[in-house]
Amino acid sequence: TPRVFSGIQPSGGLTLGNYLGAMKRFVDMQEAGTHETVYCMVDLHAITVWQDPDKLRRATRELCAGFIAAGIDPAKSILFNQSAVPEHAQLAWIFNCVARMGWMQRMTQWKDKAGKNAQNASLGLFAYPALMAADILIYHATHVPVGEDQKQHLELTRDVAIKFNHDYGVDFFPVTEPVIEGAATRVMSFRDGTKKMSKSDPSDASRINMTDDADTIAKKIRKAKTDPEALPSEVKGLEERPEARNLVNIYAGLSGLTVDQVLADVGGKQFSEFKPMLSELAVAKLAPISTEMARLMQEQDEIDKILAQGAGQAREIAAPILKKTYEIVGMVGA
Ligand code: AQP
């Protein structure tokens with residue numbers, strides 16, 4: 001069976017963007033049953049910018065609770081944290097030697113996160129996409145569900161696989177396909193419809209956190225930036241209206257309807273009418289997840305057991321692929 005891999009960083013709380021762009025779709029792929037599904041809390045990625053160790057431990061467990069509360073079933077998917085499977089970092093070193101500096105320099109995430117002070121950014125932040133390529137290819141995963149913002153990194157993953165195969169004259173690593181589907185692959189900030197909703201945005205009002213309570217969710221939606229027009233009844237009418245488009249996309253993502261179906265229903269309504277509908281839907285979908293997350297966070301031993309078990313399963317796949325890679329590259333004793 002073909003294999004799916006994806007990951008989320010335990011670098012803070014989960015946002016609605018992570019949920020709709022990634023996690024909800026991880027659950028859909030698990031339930032489709034067409035692929036073996038491997039999902040990871042990428043703690044090694046998180047430390048490319050400094051993390052407080054206690055907070056990192058907590059965020060990793062909270063993220064695991066989030067996965068399970070959202071519907072990832074450890075009996076159906078492999079669920080673990082990256083550092084517990086050392087093959088990720090080992091393959092990443094090989095890929096550091098395959099990937100080129102110029103490839104990394106072109107990454108928009110690097111440019112955004114390093115900012116003007118690139119000399120002071122960590123080497124790990126620069127090499128981030130090589131580790132991401134290793135995360136995927138250590139499982140020979142062919143499909144990677146991600147949000148739109150990760151598209152460029154996935155292209156680089158393909159380039160790494162192609163160059164490795166070419167440099168060593170093998171057909172070993174598969175060329176992966178990004179799976180960027182659905183209405184909400186790019187959830188935008190509530191304060192600026194041209195900016196990605198992000199857990200690191202200093203403004204809490206810009207995002208919905210998966211741990212927000214019903215009142216907070218309703219308040220953030222009520223205050224979300226919009227334009228004064230009524231909603232259009234066709235997608236065309238959302239052009240040049242990033243804030244309106246974003247709220248409609250979120251409604252579609254949460255409800256499972258297409259954008260066309262949503263607009264057929266709400267076209268002509270004012271935001272004063274649409275926003276309460278969106279709040280009600282968001283609370284109905286998100287509140288059970290945050291309640292379950294909070295419950296699971298009381299069961300730390302249970303979470304650690306699930307992670308350890310997932311790491312064991314992941315290593316069974318990863319270890320032989322690393323061994324074969326070492327053989328191809330010419331490492332004695334592999
Ligand atoms: N706003 C978003 N819309 C759709 N998908 C999103 N994702 C993140 N934000 C959105 C998707 O979530 C997955 C995991 O993301 P990540 O934790 O690896 O890191 P990120 O993309 O860096 O997330 P943030 O929230 O923006 O964190 P910071 O602020 O630290 O940079 C990915 O599949 C991503 O596409």
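Domain bounds here come from an automatic or database domain assignment. On that basis, the protein in this predicted model divides into domain 1 (3–179 + 299–329) and domain 2 (204–295). Taken over C-alpha atoms, the centres of domain 1 and domain 2 are 29 Å apart.

**Contact between the domains**

- Domain 1 puts 12 residues into the contact, and domain 2 puts in 10 residues.
- On the side of domain 1 that touches domain 2, the elements giving two or more residues are α1 and α3 (53–70).
- Helix α3 supplies the largest share of that side of domain 1, with five residues.
- By class, the residues on the side of domain 1 that touches domain 2 are seven nonpolar, four polar and one charged.

**Shell around the ligand**

- There are 20 residues around the ligand, and those that come nearest are Gly17, Gly21, Gly147, Ser198 and Ser200.
- Helix α1 (residues 16–32) gives the largest share of this shell, namely four residues.
- The shell around the ligand is made up of 11 polar, five nonpolar and four charged residues.

**Annotated motif**

- An unreviewed UniProt entry places the short sequence motif "'HIGH' region" at residues 10–18.
- In the model, residues 10–18 are 33% helix and 0% strand.

**Helix pair α9 and α12**

- Helix α9 (residues 214–223) and helix α12 (residues 271–296) have axes that come within 9 Å of each other and cross at roughly 145°.
- The crossing of α9 past α12 is right-handed.
- From α9, the residues that meet α12 are Ala214, Ile217, Ala218, Ile221 and Arg222.
- From α12, the residues that meet α9 are Lys275, Leu278, Ser279, Ala282, Val283, Leu286 and Ala287.
- Sorted by class, the contact of α9 with α12 holds nine nonpolar, two charged and one polar residue.

Key: Residues are numbered from 1 along each chain as its sequence is written. This is a predicted model: local features need pLDDT of at least 70, side-chain atom pairs count only at pLDDT 80 or more; totals for chains, interfaces and linings use all residues. A residue is near a molecule or strand if its C-beta atom, placed from the backbone, lies within 6 Å of it. Ala, Val, Leu, Ile, Met, Phe, Trp, Tyr, Cys and Pro count as nonpolar, Asp, Glu, Lys and Arg as charged, and the others, Gly among them, as polar. Two residues are in contact if their C-beta atoms, placed from the backbone, lie within 7 Å. UniProt positions are given in the numbering used here, feature names are shortened, and annotations may be inferred rather than shown by experiment. Axes are lines fitted to C-alpha atoms, for helices over the stretch in contact, and angles run from 0 to 180 degrees between N-to-C directions. A crossing is left-handed if the near helix is turned anticlockwise from the far one by less than a right angle, and right-handed if clockwise.
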